[in-house]
Amino acid sequence: MSSSHLSPPAILLRDVVKRFGPITAVDHLDFEVPTGSCFGLLGPNGAGKSTMMRLLTGQGVADSGRVEVLGHPLPAASRAARAACGVVPQVDNLDDELTVAENLEVYARLQRVPRTERLAAVEHGLALARLTDRRDATAAALSGGMRRRLLIARGLVHRPRLVLLDEPTVGLDPQIRAQLWSQIAEIRDEGATVLMSTHYIEEAERLCDEVAVVHAGRVVAQGGPRELVAALVGTEVMEIGGDADDLRRVERQAREAGLGTRRSGTTVAVLGAEHLDGQAWATGFRRPANLEDVFVVLTGEELG
Amino acid sequence: MTTPTRQAPASAAGHPSAERPARRFEPAVVGAILYREWRVFRRVWFSTAFGSIVEPIVYFVAFGFGFGALVAEVAGMSYFDFMATGTIAIGILFSSVFPGLINGYARRTEKHLYDGQLAAPVTVAELVTGEALWHALRVTVVAGVTVLVALAFGVRMGPGIVLVAPIAVVTGFGFAATGAAFAAKLRSWHGIDIVISGIIAPMFVVAGTFFPLDGLPGWAQAVGYANPLYHCVELLRGAAFGFEGLLAPLGNLAALAAFNLLAWLAAVRLVRRALID
Ligand SMILES: Nc1ncnc2c1ncn2[C@@H]1O[C@H](COP(=O)(O)OP(=O)(O)OP(=O)(O)O)[C@@H](O)[C@H]1O
Ligand SMILES: [Mg+2]
């Protein structure tokens, strides 16, 4: 048994509903994020990931249900919750009129970092963002990747116990994404709880102890990335190409063999391919099953 | 492996005071908002000061010389003296209501600045107060420069004019909050035209700024007396050229205090509604 199950969860949502007019963005949602874990929210555009994040900072108020962050009930105690939270938003909201260092310093003040520790906090943030040599540049002058790094460092400037990352690596080149992954891994290794939403399967598989697949405001599956894959799509997938008729035929034959399929572009992916043994129709490219297969099977949608 | 009372390692425990129980309204957070504005102002103060020199000169030349040639005396003082105090008041109005309105809208919508600030332990009341207070303080610079320009144009104001600073703060806070309240209701930049031509323009004219209210029809006079800018102008005239008794300025102050309270309450309510969903 892991220790985290004995301490209260860092995040607790019970039967939470959030509507925007006719749209139900969060639909009777239940989940818990254990303290000290890295938890991933995986879902297509509009699934309700950002809306959930806003509920956790009191910037959105649930229509019904119970929301608790680090033991603080929301929205009533949202200030106490936010004091212990670091938020990295999906939409870049750096302060373009301030310099890099000032962005960090103003946040340190807003987060009530004591005067004597503020300078060190800013320096730590600069180092984290790898922007020490650009400290006096205005945020407006940074490149897209630098802005993301600063945005993440700003969210961490007060060493929060809980970090909310809403698509932290969206739109970055692979190299910078890998750098950010190591940043996130560091936060996690220092003992903070991390909740991150993402479109990138690889990101979730590498970083998250547990993921929840979200679709239309609900959690449709939850568990460790590997367990989820094993339970829902098996260990191997075979990609089989061909024309439209071939693909339909493969789908039918897979169904007869009791195996699931998913279309991806010009191929059909036959799930649970480890159970295939040399059927004539099943010739293609074998690869390990991944979270994306789980995702498509559950939501019927490709990731963005 | 199982340590039931596991603590997060020290490095992730957070700054000790960052989580002390918070009051409902934290002056330190207002201070942080002011600090942000101050950092920006250090870089742009010149354009603020420059703008507040040029604008009154335009008014003094156009109204003072142009109009003053036709009208020698108004309300027992020279027209130039009369409109000089009106010009200071207009500087106070414009330099607080426009930033409140324009920054308020841009920071909520295009820059997402407020979203970022409210993700920190900041309440809407602290945010609104900090920004309005900053505009109120900044407006003392504008009003002070306008006084210097008036003196250079030969307006003979008494030492009481040093009161221009507190008058600017008291009026500027309310107008900045008013701007923020309207900004919270705007759906697009187009709405700004309505606020400017429908509210701000009549407000700066019907206030005893360039002509006294006495000559207006009764209903317009009533509007003028309800206009906070009128009370600001009256206080400025008293400060510059002497108060007649205590009752009138106290009445003006009371009117401005009521205005500030209403504007602040409206701004907090509307901004909260616009930012928290
Ligand atoms: N302020 C709002 N007003 C109206 N509708 C909203 C608002 N915020 C979110 N929605 C709606 O709620 C739904 C969920 O949106 P949300 O931003 O949470 O999705 P998401 O999972 O973060 O998507 P993405 O991956 O594209 O960021 C969408 O249908 C969206 O249009
Ligand atoms: Mg989102």
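1. Helices here are DSSP runs of H or I with at least four residues, strands are DSSP runs of E with at least two, and both are numbered from the N terminus. With that in hand, look at chain A: β2 (23-33) and α1 (49-56) each supply at least two residues of the shell around ligand 1. The biggest share comes from α1(A), which gives 3 residues to that shell.

2. A word on what you are looking at: this is a predicted model, in which local features need pLDDT of at least 70 and side-chain atom pairs count only at pLDDT 80 or more, while totals for chains, interfaces and linings use all residues. Residues are numbered from 1 along each chain as its sequence is written, chains are lettered from A and ligands numbered from 1 in the order in which they are written, and side-chain values use heavy atoms, with hydrogens and water left out.

3. Which residues are closest to ligand 1? They are A:N45, A:G46, A:K49, A:S50 and A:T51, out of 15 residues that surround the ligand (a residue counts if one of its heavy atoms lies within 4 Å). The surrounding residues come from chains A and B, so the two chains share this site. Sorted by class, the shell has 5 nonpolar, 7 polar and 3 charged residues. Here Ala, Val, Leu, Ile, Met, Phe, Trp, Tyr, Cys and Pro count as nonpolar, Asp, Glu, Lys and Arg as charged, and the others, Gly among them, as polar.

4. Now zoom in on the oxygen atoms of ligand 1. One lies 2.7 Å from a polar side-chain atom of A:K49. An N or O atom in the side chain of A:N45 is 2.8 Å from a ligand oxygen, and a polar backbone atom of A:G48 is 2.9 Å from one. On its own, ligand 1 has 630 Å² of accessible area, and the protein covers 66% of it (Shrake-Rupley method, 1.4 Å probe).

5. Chain A has 10 helices and 14 strands. Its radius of gyration, taken over C-alpha atoms, is 22 Å, close to the 19 Å that the globule rule (2.2 Å times the number of residues to the power 0.38) gives for 304 residues, so chain A is as compact as a globular protein of that length. Chain B has 9 helices and 2 strands, and its C-alpha trace spans about 90 × 35 × 35 Å along its principal axes.

6. Please have a look at two loops of chain A. The peptide bond from A:L74 to A:P75 is cis, with omega near 5°, and A:P75 sits in the loop between β5 (72-74) and α2 (78-83). A:R112 is not a glycine, yet it has a positive phi of about 60°; you will find A:R112 in the loop between α3 (100-110) and α4 (115-129).

7. How many salt bridges are there over all chains? The count is 31, with a salt bridge being a side-chain nitrogen of Lys or Arg within 4 Å of a carboxyl oxygen of Asp or Glu. One of them joins B:R107 and A:E97, whose closest N and O atoms are 3.9 Å apart. This pair crosses between chains, from helix α2 (residues 79-108) of chain B to the loop between β6 (85-88) and α3 of chain A.

Definitions and conventions:
Polar contact = N/O pair within 3.5 Å; in protein donor to acceptor, adjacent residues only side chain to side chain.
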